[in-house]
Amino acid sequence: MASSPSIDGETQLAAVIGSPVRHSRSPAIMNAAFQAAGMNWVFTAFEVSEADAPDSVAAMRALGIRGFSVTMPLKAAVMPALDSLSGDAEALGAVNCIARQGDALVGHNTDGAGLVRSLQLDHGIDLADKRCVVLGAGGAARSVVLALSKSGVRNVVVINRSPERAEIAASLAGPLGSTATLEAVQDADVVINATSVGMGKDAALGDSPVPVELLNSSQVIVDLVYKPLRTALLAQAQEVGATAVDGLGMLVHQAALAFEHWSSLTPDLEVMRRAAI
Ligand SMILES: NC(=O)c1ccc[n+]([C@@H]2O[C@H](COP(=O)([O-])OP(=O)(O)OC[C@H]3O[C@@H](n4cnc5c(N)ncnc54)[C@H](OP(=O)(O)O)[C@@H]3O)[C@@H](O)[C@H]2O)c1
């Protein structure tokens, strides 16, 4: 690993903005990546309320901050202050990364593409013609539905506690999208938990969003929850002999895509992965 450059007048700044943000893994992940690339950049965190979102973008512009990662509750609130949006950010109505393009500040959304890259690159999963089920219809689910719909899958079925939100999420996949009830899980090749069920609870005690009877050994079962990494759903996946994929890969790849937007360089994924744990 390259040694850390000392902070000086040339040091470039990037940061995560949101609230609460002090628990974020982004500073550890990004500083490790900058250091490994020998870049004179530092990454910090700014606690920003929703009301202050436009001012924080104005500050980025005025201070020459190179990049922002954007987390809850600012993903929509920053949008009016930006100069333009990527197609994904516009479709999702949510920005998780702000990059400079010349003098312009551009909003991107790297979450869904991060998951697809992780499945393909880390796990060697070919998504072509796969029947996919996404559990949940919140911000993470919507980004995953959109990214899957552009990855050659056969269809994307959205299952959510609140059916009206499921319809909105499924519409992001256009003609490939539909909604269903939980039984549809048994017909899927790829099952992705994008609900917060299982968050903060270890596998032995935690809840799963799916009864184990609906899972089988030929499936790829993905949990976006990454705290803890081993969830009750992934324990079920192992029990039935399915391929189990945790949320770390998405976390790392969405950060890597942000790094690429800011610097036009490719980060060391292994360094980022180690820093994320
Ligand atoms: N690995 C990564 O990089 C990554 C990135 C982003 C998010 N995540 C994880 O993904 C999860 C969702 O995040 P988000 O930002 O999309 O959250 P969100 O916008 O708040 O959406 C939460 C979703 O979970 C559903 N839900 C919550 N409690 C439920 C319950 N008890 N039973 C059934 N459904 C329930 C909600 O259903 P309703 O619509 O009915 O309320 C909604 O669909 C979180 O665990 C987050 O940590 C991981």
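Modeller: Domain bounds here come from an automatic or database domain assignment. By that assignment, the protein is divided into domain 1 (12-109 + 251-276) and domain 2 (112-246).

Biologist: What kind of model is this, and which parts of it count?

Modeller: This is a predicted model: local features need pLDDT of at least 70, side-chain atom pairs count only at pLDDT 80 or more, and totals for chains, interfaces and linings use all residues. Residues are numbered from 1 along each chain as its sequence is written, and side-chain values use heavy atoms, with hydrogens and water left out.

Biologist: How far apart are the centres of domain 1 and domain 2?

Modeller: The centres, taken over C-alpha atoms, are 25 Å apart. The contact (heavy atoms within 4.5 Å) takes 11 residues from domain 1 and 14 residues from domain 2.

Biologist: How many salt bridges and polar contacts join domain 1 and domain 2?

Modeller: Three salt bridges are counted between domain 1 and domain 2. A salt bridge needs a side-chain nitrogen of Lys or Arg within 4 Å of a carboxyl oxygen of Asp or Glu. Four residue pairs are in polar contact, both residues at pLDDT 80 or more. A polar contact is a pair of N or O atoms within 3.5 Å; within protein, one must be able to donate a hydrogen and the other to accept it, and residues adjacent in sequence count only if both atoms are side-chain atoms.

Biologist: Why is the pair Asp122 and Arg273 called a salt bridge?

Modeller: The closest N and O atoms of Asp122 and Arg273 are 3.5 Å apart. The limit is 4 Å, so the pair qualifies. Arg273 also forms a salt bridge with Glu270, with closest N and O atoms 3.3 Å apart.

Biologist: Where do Arg273 and Glu270 lie?

Modeller: Both are in helix 9, three residues apart, about one turn of the helix. Helices (H or I, at least four residues) and strands (E, at least two) are DSSP runs, numbered from the N terminus. In an α-helix there are 3.6 residues a turn, so residues three or four places apart point the same way.

Biologist: Why is Arg273 called buried?

Modeller: Buried means under 20% relative accessible area, exposed means over 50%, and partly exposed is in between (1.4 Å probe, protein chains only). Arg273 has 19%, so Arg273 is buried. Glu270 has 41%, so Glu270 is partly exposed.

Biologist: What makes Glu260 and Arg117 a salt bridge?

Modeller: Their closest N and O atoms are 3.2 Å apart, within the limit. The pair links distant parts of the chain, with Glu260 in helix 8 and Arg117 in helix 4 (residues 111-122), 143 residues apart. Glu260 is at 24% relative accessibility, so Glu260 counts as partly exposed. Arg117 is at 26%, so Arg117 is partly exposed too.

Biologist: How many disulfides are there?

Modeller: The count is zero. A disulfide here is a pair of cysteine sulfur atoms within 2.5 Å. The cysteines Cys97 and Cys132 can still be asked about burial. Cys97 is at 0% relative accessibility, so Cys97 is buried. Cys132 is at 1%, so Cys132 is buried.

Biologist: Why is Gln219 called buried?

Modeller: Gln219 has 0% relative accessibility, so Gln219 falls in the buried class. Gln219 sits in the loop between strand 10 (190-193) and strand 11 (220-223). The side chain of Gln219 reaches the backbone oxygen of Ala188 at 3.0 Å.

Biologist: And why is Ile277 called exposed?

Modeller: Its relative accessible area is 68%, so Ile277 is over the cut-off for exposed. Ile277 is found in the segment after helix 9 (269-276). Not counting residues up to four places away in sequence, Ile277 touches Arg25 and Leu248.
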